[in-house]
Amino acid sequence: MTGDDANQETPDTNGFGTCCEDLEEVMSGAEFEPLITVGSDGILFMSVGQIELEDDEPGLVDHPVFYCPFCGQELQTVDEVRAKSGENNGADNGA
Ligand SMILES: [Zn+2]
């Protein structure tokens, strides 16, 4: 741990991870590869499981995170996620 008065290195968190130290530490990914990441759309995602792809490579199933899993603060809203992702991108409703 170092002094926290210097915020020199800003990871690509898009502003997420400021609600509590736990989420900040996870998203910094300093010592491990976090399963909570910010997608290219600026949406905060959490990996919730693995899926087998046709290429025999396990893939991670991501789901948008609306509330911080550690402190419970609202991080983004459903409307924000929809706006960023563009309507129902990634939604798998319906048969
Ligand atoms: Zn938090």
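Colleague: Which residue takes a positive phi in the hairpin of strand 2 and strand 3?

Modeller: In that hairpin, which has 5 residues between the strands, Asp-56 takes a positive phi near 65°. This is a predicted model, in which local features need pLDDT of at least 70 and side-chain atom pairs count only at pLDDT 80 or more, while totals for chains, interfaces and linings use all residues. Residues are numbered from 1 along each chain as its sequence is written.

Colleague: In what sense do strand 2 and strand 3 pair?

Modeller: Strands of a sheet pair through backbone hydrogen bonds, either parallel or antiparallel. Strands are DSSP runs (E, at least two residues; helices are H or I, at least four), numbered from the N terminus, and two of them pair if DSSP finds at least two bridges between them. Here strand 2 (residues 44–52) and strand 3 (residues 58–64) are antiparallel over 7 bridges; among the partners, Gly-49 is bridged to Val-61 and Ile-51 to Gly-59.

Colleague: In what order do the strands form the open sheet?

Modeller: The 3 strands lie in the order 1-2-3 with antiparallel pairing, and the edge strands, each pairing on one side only, are strand 1 (36–38) and strand 3.
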